[in-house]
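Student: I would like to learn how to read strands, sheets and helix packing in a model such as this one. Could we go through it feature by feature?

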Amino acid sequence: GISNFRTTKWRLSKRSKKKKKKIRSEIVQKRCFSQKIFLCTSCVELPRNCGKKTGGAMMKDEEPQRDNREESLIAEAQPTNDVSSNSANNSRVPGNATTPRSGVPTKRSATDFRFGKTIGEGSFSTVYLAKDIHTRREYAIKVCDKQHIIREKKSEYIKREREALHVMSSVPGFVNLYCTFQDQKSLYFVMTYAANGDLLPYINKVGSFDMECTRFYAAELVIALEQMHKRGVIHRDLKPENILLDEKMHSLIADFGSAKMAPSQDSNVVPPVKPPPEKDKTPMSRSFRRNSFVGTAQYVSPEVLKGQPTSKAVDLWALGCIIYQMVSGLPPFRAGSEYLIFQKILKQDLTFPDGFDVTAKDLVEKLLVIDPNARLGADDADNRYDSIRNHAFFDGINWCNLREQTPPQIYPYLPGRSLEGELRSRYRVPDNLEPGLDERQLTRLLGLELGTTGSNLPTEQSSLARVSEVERQQRLEIQKTDKWNQFVEGELILKKGYVHKRKGLFARKRMLLLTTGPRLFYIDPVQMVKKGEIPWSAELRVEPKNFKIFFVHTPGLDERQLTRLLGLELGTTGSNLPTEQSSLARVSEVERQQRLEIQKTDKWNQFVEGELILKKGYVHKRKGLFARKRMLLLTTGPRLFYIDPVQMVKKGEIPWSAELRVEPKNFKIFFVHTPNRTYYLEDSEGFALEWCSAIENVRNSTYSNSSS
């Protein structure tokens, strides 16, 4: 309204003084009308007398004359008014007529929906979960603020998004645009409601996807790109947040605000609409980043940063970034600022963490190429990415009916230390893990079968006694160079390590050798003499005493004794916890003050905000395939802090609630499950079960007291 006011005022200055007073009143009238915030996407740069006609019917509560900036958005916002159809090409019926059969109005407004919770927010819009009062169907309704759009000159984004949604509606793998309408303050886009949210929280929750999950969702994304590029739509902002999951956990592409439309027969090269001036084309230029940059920093392609023409290859670059993130847990290009991220992208500064799948790495490397024409799939014809489909990473994918298949459950990819296997948490928050640690769980997690089926031993251990004859001979040949080979009488060594063998109060250091046979030898490593052998029989049993001590019995022990000797209470009476752990949450006020006074000299005291530290220790906190050393602090409250021990900075806190659960994976690895995320922690000293016991004990004490 301001530019309209100023332009008119300049023209009036040449009129006679007699008419000035009357005309000034007209100016005020016009300015007030402009502040009703009607928009025009086509002529936002020409606020007066643009001469464009509208294509939409007037709303019943609108004045017959309005600011020209309104006209085009009326046309853009009303072509699809029939919410009862999935098609984006329905004809309009003026007014608020209703269909004779269903009684559902074909002309929609905000009063036709009940608006529920907010499910998304953007810079100029909010997305609500809403229910149609006529059909009771749920939709995601994007509500765009007109005032913000015109102030920030975002009308082109709205126009582009509506056009792209119109083209992609009813295409499998994309959100449908059911209808659009507007009122004086807002524009409304009624779209598919994706009941399971977007992909990013799932990646954050489990750390990283296993190969089956990654392969499936990457394949769906490839098919979606084929469909999109065939119709001349280049997304330009593909990222996990814009990949939604429907009620069956299939992916849906959303958010086309940064999309570019190209001729459908050839979307390979699309010239930029408004390239930045030559002096501003540098990717690190402030004006370039502010005005010309589209997309998200971690996923933007090099050609966009360089201000070069964009093509479908920008989406192939984003595909590589998303696959990398699904496998590793983090985007491929990360830094402390957008500037540093852009520098890494332009230099192709790409590293892969240990454990990254080999075939996935090869695919990502072929997609994240600086030259857009050299990216895998860039030269494919007939709108099919056969070179990507035929890559070894997608071996086993049935491309014909992918969207009719049941998606795999989302599990984390947690590669173990050996090449033979991986650890996979099949925990489903928050229902599938019972409170506490019962005897069966403990025995399983310790890797002790106790004669039952369904062993959960790591692959390396479970296969110790299943060595083929060919492999046995190969390993025996290699073993000849081992200095301990002379003591095992031709047997294959399955496991070896130093132990202290105690007899009464006396302990002697020995090399313990577990071999095929099976046999257990113990050797004096100083004199290099075989001191004896533990006799093996069907009655032999092992008894872990704690994380350092274990017994080998003949005959054996029952499960109850094993659990008791581990010192884990498991929520029963007659606690056998060590004194320090059993009293973690039962500290008297006097003792608390005494310990807090002593704690003041502890260098970690500065991070716990006045709470008493109950347990502390170094762990490796993993996110996907990336691990960082942290000091973990369990305190009263209860609270769980993790600290960077090098920079001495508090990095975060694991949110505590009654739903928090711990899951020991083995002696070193344990999970802390919260409703929104799973924290993967590794104690290299082997105290994982002790951590689980301490956390569970504090949780039980805290929430059992609060509930009572």
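Predicted model: local features only at pLDDT ≥ 70, side-chain atom pairs only at ≥ 80, totals over all residues.

Student: Which residue of β21 is the bridge partner of I643, and how many residues lie between the two strands of the hairpin?

Tutor: The partner of I643 in β21 is K650. The hairpin of β20 and β21 has four residues between its strands, and M648 in the turn has a positive phi of about 55 degrees.

Student: How should I read the two faces of β20, and are they buried or exposed?

Tutor: In a regular strand the side chains alternate between the two faces of the sheet. In β20, R639, F641 and I643 lie on one side and L640, Y642 and D644 on the other, and all of these are buried. Six of the six residues of β20 (residues 639-644) are buried, so this strand is largely enclosed by the rest of the structure.

Student: What is the order of the strands in the open sheet, and which of them stand at the edges?

Tutor: The five strands follow the order β1-β2-β3-β5-β4, with antiparallel pairing. The edges are β1 (113-121) and β4 (177-182), each of which has a single partner strand, so one side of each is left without a neighbour in the sheet. On average, neighbouring strands of this sheet are turned by 25 degrees against each other, direction ignored. Within the sheet, strand β3 (residues 138-145) and strand β5 (residues 186-191) pair over six bridges, and C144 has L187 of β5 as its bridge partner. Helix α5 (residues 155-168) lies across β3, β4 and β5, running at about 20 degrees to β5.

Student: How is a pair of helices described?

Tutor: Two packed helices are described by the angle between their axes and the distance between the axes. The axes of helix α10 (residues 313-328) and helix α12 (residues 358-367) come within 8 Å and cross at roughly 150 degrees; α10 and α12 are therefore roughly antiparallel to each other. The crossing of α10 past α12 is left-handed.

Student: Which residues make the contact?

Tutor: From α10 come L316, W317, L319, G320, I323, Y324 and V327, and from α12 come A360, L363, V364 and L367. By class, this contact of α10 with α12 has 10 nonpolar, one polar and no charged residues.

Technical notes
Residues numbered from 1 in each chain as written. Heavy atoms only, no water. Axes fitted to C-alpha atoms, helices over the stretch in contact; angles between N-to-C directions. Parallel < 35°, antiparallel > 145°, perpendicular 65-115°, else oblique. Left-handed = near helix turned anticlockwise from the far one by under 90°. Contact = heavy atoms within 4.5 Å. Nonpolar A, V, L, I, M, F, W, Y, C, P; charged D, E, K, R; others polar. Buried < 20%, exposed > 50% of the residue type's maximum accessible area, 1.4 Å probe, protein only. Pairing = 2+ DSSP bridges.
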